[in-house]
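Hi,

Here is the structure I promised to pass on. Have a look, and then read on for what turned up in it.

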Amino acid sequence: MLNFAHQEHRRSYYFDTRNPFPLLPALTQVESADVCVVGAGFFGLSAALELAQKGKSVIVLEGARVGFGASGRSGGQAINGFEEGIDEYIKHIGEENAHKLWDMSLEAIDIIDERVAKFHIQCDWKKGYATLALNERRMEDLIAIEKESHERFGYQHMQLWDKKKLKQHLGSDIYVGALFDSNSGHLHPLNYCLGLAKACLDLGVRIFEQSPVIDIHNQALRAEVITDVAKVVCRDVVLATNAYITEMPKKIHQGIANKILPVESCIIATEPLSQAMADSLINNGMSVCDSNYLLDYYRLSADNRLLFGSDIDTHKGLEEAMRKGMLHVFPQLEDVKIDYAWKGPIDMTMNSTPHFGRLAPNIFFAHGYSGHGVALTGLAGRIVAEAILGDDARLSIFEQLHVPSVYGGNLVKKLATAIGTRYYRFLDKYR
């Protein structure tokens, strides 16, 4: 049995503050559709939404609940660009296609703007995002990023802040400066996901929860997507399992799970803070992250809790480790209680490059968002839908990107992750 199958949402701040949404039935009989989407997270629902708006009949199969994975538990930051530097993409796909990738990363933010407005999604969507430098060398990196984004791409939304300017908005003394992006932002991820699901349902998409897929039979552009009790007959299939692809049978993923490393993202949420205390931490509504490889990221919720996330080793205990990290940034929160602590897997690749493509002419996938999933999943849904509808030009650009594999199963992946964590911790300390 798949580890996530038939599971309920894990308790988190997002779960306890979710918008009303009905429990959806499981698939219990043979159904047919033009497209079957496996996974009801951001990517799967985005693909379903795009296809439904073009007149396709779509069924979404979710092994647990809508938004069960990272889509319902992430830090909620929607960031332009990609985790890997643009020069790496230019090496593999050329200057012209790299520019197209940059433009698509901006479109990913626009997609959130469009959907929140069009479908009236209540998800606390707010613009403003800052990357923070912990020393002068990393500030030089941010200066280079701002220069490149402005001169190469004509991007006008970034501002460099020195320590004095940063202190006007952030109540921490550990940073030397920041790169502020007024176009990126943050949201309540589970409510955004549920809003996408509602929009899909309103357009006639059929979503079945508690319906884990255990096999796919594909022949001559006719696929049977088989759950533990029923199946969907369709022409096209979209694999939208993201981090959980590593738990799927190999006969389904055909090896693309080897592109994903099991990385846990950990978050705590404080008790609600007074307005004065909240403003003393972040007074302009932005979300932030530092420039470490193993980074901290945080923001204020709509009810003035500090949501503090980190890519850390939590063997000492999740809440204890996360609280220590939070107090390093904001020692003034020493007496503040932690109300929530949760973690879950995200889909990283070895080189932080997204991995989109096809397993067959009618079986599509996208994963490996590497920390940029809130925005890139919407883009992935759109370009995969375009390919299903007959235009694969944009998907083909992503298919040219180099994404290394890790062989040897989950045990080897966990070992590689542990070694990589120690290596990046060393780099963060000395660079």
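In numbers, helix 2 (residues 42-53) packs against helix 10 (residues 373-388) at about 40 degrees, and their axes lie 7 Å apart. Those axes are lines fitted to C-alpha atoms over the stretch in contact, with angles running from 0 to 180 degrees between N-to-C directions. The crossing is right-handed, meaning that the near helix is turned clockwise from the far one by less than a right angle.

Which residues make the contact? On the helix 2 side they are Phe42, Phe43, Ser46, Ala47, Glu50 and Leu51. Helix 10 brings Gly373, Val374, Thr377, Gly378, Ala380, Gly381, Arg382, Val384, Ala385 and Ile388. Contact here is heavy atoms within 4.5 Å. By type, there are nine nonpolar, five polar and two charged residues (nonpolar is Ala, Val, Leu, Ile, Met, Phe, Trp, Tyr, Cys and Pro; charged is Asp, Glu, Lys and Arg; the others, Gly among them, are polar).

A quick word on the model: it is predicted, so local features need pLDDT of at least 70 and side-chain atom pairs count only at pLDDT 80 or more, while totals for chains, interfaces and linings use all residues. Residues are numbered from 1 along each chain as its sequence is written, and side-chain values use heavy atoms, with hydrogens and water left out.

Now for strand 7 (residues 177-186). Nine of its ten residues are buried, so the strand is largely enclosed by the rest of the structure (buried is under 20% relative accessible area with a 1.4 Å probe, protein chains only). Helices (H or I, at least four residues) and strands (E, at least two) are DSSP runs numbered from the N terminus, and two strands pair if DSSP finds at least two bridges between them.

- Strand 5 (residues 126-133) is joined by seven bridges, with Ala133 partnered by Gly177.
- Strand 6 (residues 158-162) is joined by five bridges, and Asp162 stands opposite Gly177.
- Strand 4 (residues 77-78) is joined by two bridges, with His186 as the partner of Gln77.

Elsewhere, an open sheet of four strands runs in the order 1-11-10-9 with mixed pairing. Its edges are strand 1 (31-32) and strand 9 (213-219), each pairing on one side only. Strand 9 runs antiparallel to strand 10 (residues 222-227) over six bridges, where Gln219 is partnered by Arg222.

Cheers

Methods: Buried < 20%, exposed > 50% of the residue type's maximum accessible area, 1.4 Å probe, protein only.
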